[in-house]
Amino acid sequence: MPGDLRKVSADALGNTPGNSANGGMAVQAGDSVFYCDPEASGIYRVVPGGEPVLICADKALGLNVVGDWIYYGNRSDNRRIYRVKFDGTGRAKVSDLRCYNMLAVGPWLYIAHYDSDIGQSLYRVRADGKRKELLARLETVAILPAGGRMFAQMANRLFVFKTDLEEITAQGEKRTEMEFALIEDGWVYYASPEKALFKMRLDGSGNAQLLASEEVRRFNIDGNWLYYANCADQYKLYRVRLDGTGKEKVSDDRVDDFGINLVNGGGYYTSNLYQMMARNQDGSGDAYLAEERVADIGAGKEWLDKVRGGAEDAQSAENALATVSREDATSFTATDQAVFYGDANGIYQMKHDGTERTLVIGIRENERIERMAFADGWLYYVNSNLYRVHPQTGEIQRLSEKRVLHFALQEGKVYFLTAETPFIHVDLAHFNTSRV
């Protein structure tokens with residue numbers, strides 16, 4: 001495991017709180033910047049004037065630096081906590097906690113975790129993985145050390161932990177609800193549920209509105225500037241000074257929900273352009289339908305009933321709700337005869353009572369089965385691209401050449417959304433953008 005943690009300063013941060021709360025896509029360590037594309041696989045290292053170098057093939061989020069190690073949530077392994085050395089060696093799992101947000105403070109990893117047993121919660125884990133502590137059973141949006149104290153934005157409120165981390169109290173007036181918050185120089189900057197931007201002191205006083213409603217949902221802070229996706233202008237990248245003046249557009253790119261990460265005078269973010277396509281279920285006959293920000297697609301109640309098979313009858317039966325498998329499934333679908341589900345190893349088939357489980361296809365370590373549907377003897381699924389497999393023969397056919405976000409089957413066609421998702425770097429001084 002990492003070297004002597006006693007050498008790690010107690011107040012050293014593994015990333016900025018703003019980057020951490022925005023997905024931890026980038027982190028700076030000396031002259032190096034490490035970054036990950038949240039929609040693709042790989043952690044990269046880049047130095048000034050150099051080309052990006054792949055150091056790890058995992059699909060990652062929540063990047064943090066402790067010593068000469070990168071810590072991250074491994075989306076290739078259900079967001080569990082891993083670490084790898086700067087040169088790409090020594091990759092290992094640190095904790096089975098699932099990272100939805102992570103910030104290293106000294107030798108501790110503060111982790112926003114979720115599981116079905118205890119729900120959303122905040123833990124801290126020693127960077128060597130040898131000690132784990134539950135701090136709060138609340139949804140944690142941002143972990144915010146400030147002024148020698150530990151704050152956290154949880155359940156739409158700002159909380160402060162006492163020194164022993166065994167008790168938390170809410171900060172500010174009871175009516176102060178926050179969708180997102182960061183702390184800078186003794187001030188709390190926060191987005192309200194109405195997407196307006198406010199600031200207030202840590203004791204709750206001096207509350208003032210900086211930007212109008214319907215503008216700000218998530219943001220990040222660098223120096224005297226606050227960077228945000230402007231909800232009122234198609235989520236394009238804007239910035240405003242911390243006193244609310246000097247508002248200006250930085251880029252025409254639309255900033256994705258993973259947020260804005262700021263390192264070394266530049267910003268990293270993703271910008272999604274979704275394409276809606278239709279294709280025959282055998283993979284032939286393209287039809288281009290739309291190019292826009294589309295959240296999801298479906299094909300109506302008739303299609304849902306068809307995919308569910310006999311699920312509606314089962315719902316009315318006695319003891320209909322039962323656990324048929326305790327496998328850690330990433331997606332599943334059911335027919336009248338079987339249940340198909342995907343996990344970290346591949347796609348499995350089993351009976352409705354959980355018996356006769358068999359492997360249909362296996363997948364590689366950095367792959368993930370994300371969505372499934374069954375029609376006309378074929379199981380359709382997303383593993384980055386859209387595929388279908390015949391469970392009886394094992395025949396596999398690829399139906400798309402691009403990454404697919406969602407799909408639906410109806411009347412002999414498969415409808416799907418593909419995403420052109422450039423990972424973007426913007427020079428904040430000159431507003432020059434480039435794809436990385």
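Q: What makes a residue part of the lining of the largest cavity?
A: The lining consists of S76, D77, N78, T330, D343, A344, E365, E367 and R368. A cavity is a set of points, on a 1 Å grid over the protein atoms alone, where a 1.4 Å probe fits but cannot get out, and lining residues have an atom within 4 Å of a point. About 50 Å³ of space lies in this largest cavity, and the structure holds 1 cavity of 30 Å³ or more. Such a volume is the space filled by probe spheres set on the points, which are joined across faces, edges and corners.

Q: Before we go on, what kind of model is this?
A: This is a predicted model, where local features need pLDDT of at least 70, side-chain atom pairs count only at pLDDT 80 or more, and totals for chains, interfaces and linings use all residues. Residues are numbered from 1 along each chain as its sequence is written, and side-chain values use heavy atoms, with hydrogens and water left out.

Q: Why is R388 called buried?
A: Buried means under 20% relative accessible area, exposed over 50%, and partly exposed in between (1.4 Å probe, protein chains only). R388 has a relative accessible area of 8%, so R388 is buried.

Q: How do you know that the side chain of R388 makes a polar contact with the side chain of Q397?
A: A polar contact is a pair of N or O atoms within 3.5 Å; within protein, one must be able to donate a hydrogen and the other to accept it, and residues adjacent in sequence count only if both atoms are side-chain atoms. The pair with Q397 is at 2.8 Å, and another polar contact, of 3.0 Å, joins the side chains of R388 and Y380.

Q: Why is Y235 called partly exposed?
A: Its relative accessible area is 23%, so Y235 is partly exposed. Y235 also has a positive phi of about 60° although it is not a glycine.

Q: What about S384, and why is it called partly exposed?
A: With a relative accessible area of 35%, S384 is therefore partly exposed. S384 has a positive phi too, of about 70°, and is not a glycine.

Q: Which residues have the most contacts inside the largest nonpolar core?
A: They are F151, V188, Y189, L197, F219, L226 and Y228, in a core of 33 residues. A nonpolar core is a set of buried Ala, Val, Leu, Ile, Met, Phe, Trp, Tyr and Cys residues joined through side-chain atoms within 4.5 Å. Apart from it lies another core, of 15 residues, among them C36, I55, L63 and V65.

Key:
1 Å grid on protein atoms, 1.4 Å probe; cavity = no way out; pocket = protein on both sides within 12 Å on 5 of 7 lines; lining within 4 Å.
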